[in-house]
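Please open the model in your viewer and keep the selection tool at hand.

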Amino acid sequence: MFHKIIKLIIAGLIVVTGIWQFTEGNIGNGIFLILLSSIPVFLYFKNEFILLAFLKLRKQDFEGAKKWLAYIKNPETALVRKQQGYYNYLHGIMLSQTNINQSEKYFKKAIELGLSMNMDLAVAKLNLAGVAMTRRRKLEATSLLNEAKKLDKQNMLADQIKMMKEQMKKI
């Protein structure tokens, strides 16, 4: 696992090599190297292991996703802030299948670090509302559900939110 700064250094070295190729008269090589330098820059903002873990989660392969996330040894040095949020978000999703109380700390950390998409933020808040509901914190669960409902623009979580509100009436 590369440190995030090393990825930018690699991109810079590739750009310098591309410029050197331009000065030598090898225009094709220079263009190729300049285009090639976009890969480390892309991987700086979108970590390759998190992308692979998301692909495994789409197939409901939680063990495969855990394997890819295990390659990230130190998320603070290897990931930018938003990617650290998604790292914790993925851990929270995987733990919510087995131990919802343990997943609470990961979801809180993911919300604190920030998530790019409103839908991911809504899912995290919905899971936190479920944890609050199991711990009989009705006021906190209600506010989290309302925030999740505001963030869910496409109404993809409408059924889950409605079901959780019905369950809260029983508390």
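Begin by selecting D152 in this predicted model, a residue that is buried and yet has no salt bridge, since the nearest side chain of opposite charge, that of K153, is 9.0 Å away. D152 sits in the loop between helix 10 and helix 11. Its side chain reaches the backbone nitrogen of L157 at 2.7 Å, while the backbone nitrogen of N155 lies 3.4 Å from a polar atom of the D152 side chain. Leaving aside residues up to four places away in sequence, D152 touches M119, A122, L157 and A158.

Next, select I50, L69 and Y89, the residues with the most contacts inside the largest nonpolar core, which has 38 residues. The largest share of this core, 10 residues, comes from helix 9.

Now turn to the aromatic rings, of which the whole structure holds 7 pairs. The rings of F49 and Y71 are stacked, because their centres are 5.3 Å apart and their planes stand at 25 degrees, under the cut-off of 30 degrees. F49 belongs to helix 4 and Y71 to the loop between helix 5 and helix 6, so this pair ties together parts that are 22 residues apart in sequence. F49 is buried at 15% relative accessible area, whereas Y71, at 40%, is partly exposed.

Finally, select F54, Y86, Y89 and F107, which ring pairs link into a cluster.

Methods:
Residues numbered from 1 in each chain as written. Predicted model: local features only at pLDDT ≥ 70, side-chain atom pairs only at ≥ 80, totals over all residues. Heavy atoms only, no water. Core = buried A, V, L, I, M, F, W, Y, C linked by side-chain atoms within 4.5 Å. Buried < 20%, exposed > 50% of the residue type's maximum accessible area, 1.4 Å probe, protein only. Helix = DSSP H or I, 4+ residues; strand = E, 2+ residues; numbered from the N terminus. Lys, Arg positive; Asp, Glu negative; His and termini not counted. Salt bridge = Lys/Arg side-chain N within 4 Å of Asp/Glu carboxyl O. Polar contact = N/O pair within 3.5 Å; in protein donor to acceptor, adjacent residues only side chain to side chain. Contact = heavy atoms within 4.5 Å. Phe/Tyr/Trp six-rings, centres within 6.5 Å; stacked < 30°, edge-to-face > 60°.
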